[in-house]
Amino acid sequence: MADEQTTPKEFLQMLQTLFPIYDPRDIDISQLKYVIYARKSTKGEERQERSIPDQIADCMKREVMAAEPTPLQLVGKPIEEKCSAKEPDIRPLFRKMIDDVKAGKFDGIIAWHPDRLARNMKEAGEIIDLLDKGILKDLRFATSSFENSPTGKMLLGISFVLSKQYSEHLSESVTRGNIRKTEDGVFFDEMKHGYYISNGRLFPDGNNFILIKEAFEKRLEGWGQLEIARWLNTTGYTLRKKGKKPQSYKWDKDNVSKMLRDTAYTGVLRYGKAFVDLTEFYDFEPVISVDDFLKVNKVKDLSDPKLVSSIMVKSREATKANLLRGMVFCGFCNKPFSSGITTKKDPETKAIITSRYLYRCETEDCSFKNKSVRAKTILDYAIQFLSSHLFTTESNYEQYVADAKEYAKVRAKALDSDVASFAKQIGNKEAEYERTKAIVRDKPTLGRHYNLDEIGAELKSIRKDHTKLVKDRKQLKQAILTYSEYLELFENIGVELSKTHDMAVLDETIKKFFLNFTIKQWGTGKKQRSEVVAKLNEPWSGFVESNNFVDGRGERTRTSDLRVPNAAR
């Protein structure tokens, strides 16, 4: 049995290199029908990724297209999509391509890099599932090789996970930069009702500005939000987005409420905890005075939590809700749940009495809209599964060792690249810090436009990440578990997970085994029933299908159906 003093971090470390393999599949690729898929986000990735024509050119190179006895067979024109892959189910051309694969039009897909196909776990899981079932028979990448075998699918899964992590890290980096822009009076969202955007500045948009001004005045006069929405829908109001022509817009109570709580209409731009008075930077014309705005919202100042940010941003509290984010889906509409933490506070002391992590459906027209599922439903299912499926046969371990070595090679290459990248970032940030320090010293009047402390904090964060990567690189070769450690881990994994309240440990551990979860829930109270359907990562899915595991009682069993129907929660 495991040492009772094992910490959550030690427990998580034992999971880091569990990547066994099983039998490969032989395919005659010269007989397959391929399509090229190229993708580029409409914004945000232009500096990081190759353009669509460059991606297609790289995919058409001889070494990518080579096959015996003839080159790969391309069907139709390359698919060119300008859309982010960070969120699932928002790419129409990708969806049609997947449907065509299922219909037999395409057998294989060629892309520049795995992250062109997916940067979210739902669509990544869908691609791997099609490979598992033999419907999608091959993948080709211009920047890396892929082998349609369990090992290849495992490494593909790792690549998808790293792409997702990159997207999240990029989002965090963009947030830091956006705060700096906001402090300089720059507005970088796509729209603001009643204004048009020019060079990061907001200017009154003719009649639309007048209508928004009247909406605030009506609220001051006592009109309800629904009344204002209905009135605006009779005025011919048109929405103007940056770089696009005005278009019709339908108001409802929710978007009126959001507008009325937006501090930007007073001339105060807010992004997270950063505030800036736009009138200090240019001749900004507010819709409403600060005093009247406070009356409309019945608050004392603009920092009140009831008010919304002028620019879309997730609050710091929301960023803590990271347990299996993007991996849990509504079983009624098949869209990802949003996630968050709800708390109950003591009315007198304001101390938190209880807190719950909930998944919530926010899809319009879904029968489950605005209803929630407790995270405990997923955790209980995962713990039950891992307690009853022990991958502890000798063949499991032998394959694990062989594959762990292969993974170590791939991971080492990625770490080398990351270490070099962070070293370059450190140099650039150090140079930025010195330049800023010189400006503040030589031109004190400009000091209020710069934040040395923030740049220093960013530099410290980058150095910390760099140090961790260097440490991970050194420890990589020593990370393979001994047979006794391997057995100990699986025999105690369910117990350890049920004891820990460390969200990071729960998140990382469950992600090692599961690609995603889909939940349906009916009823309330004691009559509430839930159904969980899970998709396993490779190689665990293959082990279950091939009956290569031991159940929690030490007996061989076959449990390939991962459903938990009518489970009371």
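Let's start with a pair of side chains: Arg91 and Glu123 meet in a salt bridge, 2.7 Å from N to O. A salt bridge here is a side-chain nitrogen of Lys or Arg within 4 Å of a carboxyl oxygen of Asp or Glu. Arg91 sits in the loop between strand E3 (79-81) and helix H4 (92-103), while Glu123 belongs to helix H6 (residues 121-132), so this contact ties together parts that are 32 residues apart in sequence. Both Arg91 and Glu123 are buried, where buried means under 20% relative accessible area, exposed means over 50%, and partly exposed is in between (1.4 Å probe, protein chains only).

Bear in mind that this is a predicted model: local features need pLDDT of at least 70, side-chain atom pairs count only at pLDDT 80 or more, and totals for chains, interfaces and linings use all residues. Residues are numbered from 1 along each chain as its sequence is written, and side-chain values use heavy atoms, with hydrogens and water left out. As for the element names, helices (H or I, at least four residues) and strands (E, at least two) are DSSP runs numbered from the N terminus.

Asp129 meets Lys535 at 3.1 Å, N to O. This one links distant parts of the chain, with Asp129 in helix H6 and Lys535 in strand E17 (residues 529-536), 406 residues apart. Lys535 is buried too, with a relative accessible area of 15%.

For a local pairing, look at helix H17 (residues 503-513), which holds both Asp507 and Lys511, 4 residues apart or about one turn of the helix. Their closest N and O atoms are 3.1 Å apart in a salt bridge. Asp507 counts as buried at 8% relative accessibility, whereas Lys511, at 26%, counts as partly exposed. Elsewhere, salt bridges that share partners join Arg91, Arg95, Lys102, Glu123 and Glu126 into one network. The structure holds 19 salt bridges.

Now for the helix packing. H4 and H6 pack at an angle of about 15°, with their axes 12 Å apart. Axes are lines fitted to C-alpha atoms, for helices over the stretch in contact, and angles run from 0 to 180 degrees between N-to-C directions. That makes H4 roughly parallel to H6; the label covers angles under 35 degrees, with over 145 counting as roughly antiparallel, 65 to 115 as roughly perpendicular and the rest as oblique. Phe94, Arg95, Ile98, Val101 and Lys102 of H4 meet Glu123, Glu126, Ile127 and Leu130 of H6, contact being heavy atoms within 4.5 Å.

Helix H9 (residues 225-232) and helix H10 (residues 253-260) cross at roughly 105°, and their axes come within 8 Å. That makes H9 roughly perpendicular to H10. On the H9 side, Gln225, Leu226, Ile228, Ala229 and Leu232 meet Lys253, Val256, Ser257 and Leu260 in H10.

Finally, turn to strand E4 (residues 108-111). Gly108 and Ile110 point one way, Ile109 and Ala111 the other, and all are buried. In a regular strand the side chains alternate between the two faces of the sheet. E4 runs parallel to strand E1 (residues 33-39), joined by 4 bridges, and strands count as paired if DSSP finds at least two bridges between them. In that pairing Tyr37 stands opposite Ala111. E4 also runs parallel to strand E5 (residues 138-141), again with 4 bridges, and here Ile110 stands opposite Arg140.
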